[in-house]
Amino acid sequence: KVRCETEARIAALEQLRHEDRLKTVGRLASGIAHELGTPLNVISGYAGMIAGGNLPAEETVESAVTIKAESERIATIVRQLLDFARRRPSQKVAVDLQQVIRQTLDLMAPLAQKQKVRLIQIDGPAVARADAEQIKQVLLNLITNAVQAMPGGGDVEVATGPAPGHPPAGHSDPDGRYVCVSVRDQGEGITPENLSRIFEPFFTTKGPGKGTGLGLSVAEGIVREHGGWIAVESTRGKGSCFRVCLPKEREPCRDES
């Protein structure tokens, strides 16, 4: 009975996370549709010139090369979105968090531009043992919230570094083997009374139709399952900073024989 209940709970969590991914895809769709419009216009224009039959051979080749490049650009955008939306089992391996951040910011760029928000990545070496797609889901939730917190535009900084301070209870690695991804915005901030509730399922301060209240709850569950935690700092009127702390990838033991 206990085993059946555990399996049912795991299945429910996976379903919840998958639904959250699909909702995120929906939020990104309008921005990505706009992003696809530019290369499609380029392709249409150059194809029209080739079809006209009046281009010299050299310009025809150049036009075909441009069409190929823009087609590959579209294929990359669509593939990234489909890879994120696809449901698959968890795979925790050594992950370059800088690469995950770059991929996440690429997906978020159209939505951020629409909101007049600049996304800034601050490079730093960071390798964690994690499931890359699940961590991307966490970062997409956090960055989306950061963008929505700045209706007048601003900067969102995403950086990596060592986990600050001491781990909370249950994360007592004596060597402090954790790495942190921080998402910092210049938004409205979170009130102290709401700060203590932001990870509760279905809790949201957004208006009707703008949020389900599940994004942060799902993100916190994913990070906890990875053996990490999310820390939050916020000041009203000055913005918020979410830090996702994950176990570092352990270096293999050296053979000193």
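**View 1. Helices H3 and H4 pack at an angle of about 40°, their axes 9 Å apart.** The angle makes H3 oblique to H4. The model is predicted. H3 spans residues 97–114, and H4 spans residues 132–148. The crossing of H3 past H4 is right-handed.

**View 2. Residues at the contact of H3 with H4.** H3 contributes Leu97, Val100, Ile101, Gln103, Thr104, Leu105, Leu107, Met108 and Ala112. From H4 come Ala132, Ile135, Lys136, Leu139, Leu140, Ile143, Thr144 and Val147. By class, the contact has 13 nonpolar, three polar and one charged residues.

**View 3. Val181 in strand E5.** The strand covers residues 178–184. Val181 has a relative accessible area of 2%, so it is buried. Leaving out residues up to four places away in sequence, Val181 touches Leu97, Ile101, Leu139, Val158, Ala159, Thr160, Phe242, Arg243 and Val244. Gly124 is 57 residues from Val181 along the chain, with 10.0 Å between the C-alpha atoms.

**View 4. Cysteines Cys180, Cys241 and Cys245.** For Cys241, the closest cysteine sulfur is that of Cys180, 7.2 Å away and therefore too far for a bond. Cys245 also has its closest cysteine sulfur in Cys180, at 3.9 Å. That distance is too far for a bond as well, because a disulfide needs sulfur atoms within 2.5 Å. The disulfide count is zero. Cys241 is buried at 2% relative accessibility, and Cys245 is buried at 1%.

Conventions: Residues numbered from 1 in each chain as written. Predicted model: local features only at pLDDT ≥ 70, side-chain atom pairs only at ≥ 80, totals over all residues. Heavy atoms only, no water. Axes fitted to C-alpha atoms, helices over the stretch in contact; angles between N-to-C directions. Helix = DSSP H or I, 4+ residues; strand = E, 2+ residues; numbered from the N terminus. Parallel < 35°, antiparallel > 145°, perpendicular 65-115°, else oblique. Left-handed = near helix turned anticlockwise from the far one by under 90°. Contact = heavy atoms within 4.5 Å. Nonpolar A, V, L, I, M, F, W, Y, C, P; charged D, E, K, R; others polar. Buried < 20%, exposed > 50% of the residue type's maximum accessible area, 1.4 Å probe, protein only.
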